[in-house]
Amino acid sequence: LLERGLKLMGRNRPEDAYLIFSKIEKLTSPGHFGSFPEMRALSFNYLGCYFRRKQFIALALDNFEKALKIIEITGIETKRALTYINICAVMSQIGK
């Protein structure tokens with residue numbers, strides 16, 4: 001599903017991608033169907049990318065911070081660089 005959402009973003013269909021990313025975020029909520037912290041962190045990253053594309057900077061940063069929190073708590077290092085790159089993209093977008 002995450003790959004499908006990314007393809008939709010690339011095809012300029014961000015609203016469809018948002019539906020997928022938000023659904024994954026809900027499904028990966030702890031206790032819902034188990035614990036999937038890496039997928040949850042990734043879904044927050046992709047939601048952040050969606051919000052950045054729509055110019056909702058505060059929401060984008062909020063989602064990237066949620067991803068970082070999961071990464072810090074769980075020790076998932078594989079998504080740390082991606083999250084920081086996304087944060088840097090937002091900061092560059094707003095001239096910081």
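Gln-55 lies in the loop between H3 and H4, where helices (H or I, at least four residues) and strands (E, at least two) are DSSP runs numbered from the N terminus. The residue has a positive phi of about 75° although it is not a glycine, and its position is just after H3. Most residues other than glycine have a negative phi. At 54% relative accessibility, Gln-55 counts as exposed; buried means under 20% relative accessible area, exposed over 50%, and partly exposed in between, with a 1.4 Å probe and protein chains only. The model is predicted, so that local features need pLDDT of at least 70 and side-chain atom pairs count only at pLDDT 80 or more, while totals for chains, interfaces and linings use all residues. Residues are numbered from 1 along each chain as its sequence is written, and side-chain values use heavy atoms, with hydrogens and water left out.

A positive phi is also found at Asn-12, a residue other than glycine, with a value near 60°. Asn-12 belongs to the loop between H1 and H2 and, at 60% relative accessibility, counts as exposed.

H3 is mostly covered, with 12 of its 17 residues buried. Among these buried residues are Arg-40, Ala-41, Ser-43, Phe-44, Leu-47 and Gly-48. The cover over the buried residues of H3 includes helix H1 (2-10), helix H2 (14-27), helix H4 (57-74) and helix H5 (80-93).

The arrangement of H3 relative to H5 was examined next. The axes of the two helices, H3 and H5, come within 10 Å and cross at roughly 15°; axes are lines fitted to C-alpha atoms, for helices over the stretch in contact, and angles run from 0 to 180 degrees between N-to-C directions. That angle makes H3 roughly parallel to H5, given that angles under 35 degrees count as roughly parallel, over 145 as roughly antiparallel, 65 to 115 as roughly perpendicular and the rest as oblique. On the H3 side, Leu-42, Asn-45, Cys-49 and Arg-52 meet Leu-82, Thr-83, Asn-86, Ala-89, Val-90 and Gln-93 of H5. Contact means heavy atoms within 4.5 Å.

Lys-79 is found in the loop between H4 and H5 and, at 17% relative accessibility, counts as buried. With neighbours within four places in sequence left aside, Lys-79 is in contact with Glu-38, Leu-42, Asn-45 and Ile-71.

Helix H2 has 14 residues and reaches 20 Å from its first C-alpha to its last, close to the 20 Å expected at 1.5 Å a residue. Its buried residues include Pro-14, Ala-17, Ile-20 and Ile-24, and what covers the buried residues of H2 includes H1 and H3. Lys-26 is found in H2 and is partly exposed, with a relative accessible area of 49%. The C-alpha atoms of Lys-26 and Tyr-50 are separated by 16 Å, the two residues being 24 residues apart along the chain.

A search of the whole structure finds 5 aromatic pairs; rings of Phe, Tyr and Trp (its six-membered ring) pair if their centres lie within 6.5 Å, and planes under 30 degrees apart count as stacked, over 60 as edge-to-face and the rest as tilted. The rings of Tyr-18 and Phe-51 have their centres 5.9 Å apart and their planes at 65°, so the pair is edge-to-face. Tyr-18 lies in helix H2 and Phe-51 in helix H3, so this pair ties together parts that are 33 residues apart in sequence. Tyr-18 is partly exposed, with a relative accessible area of 29%, whereas Phe-51 is buried, with a value of 11%. The rings of Phe-21 and Tyr-46 have centres 5.2 Å apart and planes at 40°, so the pair is tilted. This pair links distant parts of the chain, with Phe-21 in H2 and Tyr-46 in H3, 25 residues apart. Phe-21 counts as buried at 0% relative accessibility, and Tyr-46 counts as buried at 13%. Tyr-18, Tyr-50, Phe-51 and Phe-56 form one aromatic cluster.

Key
The expected span of a helix is 1.5 Å times one less than its number of residues.
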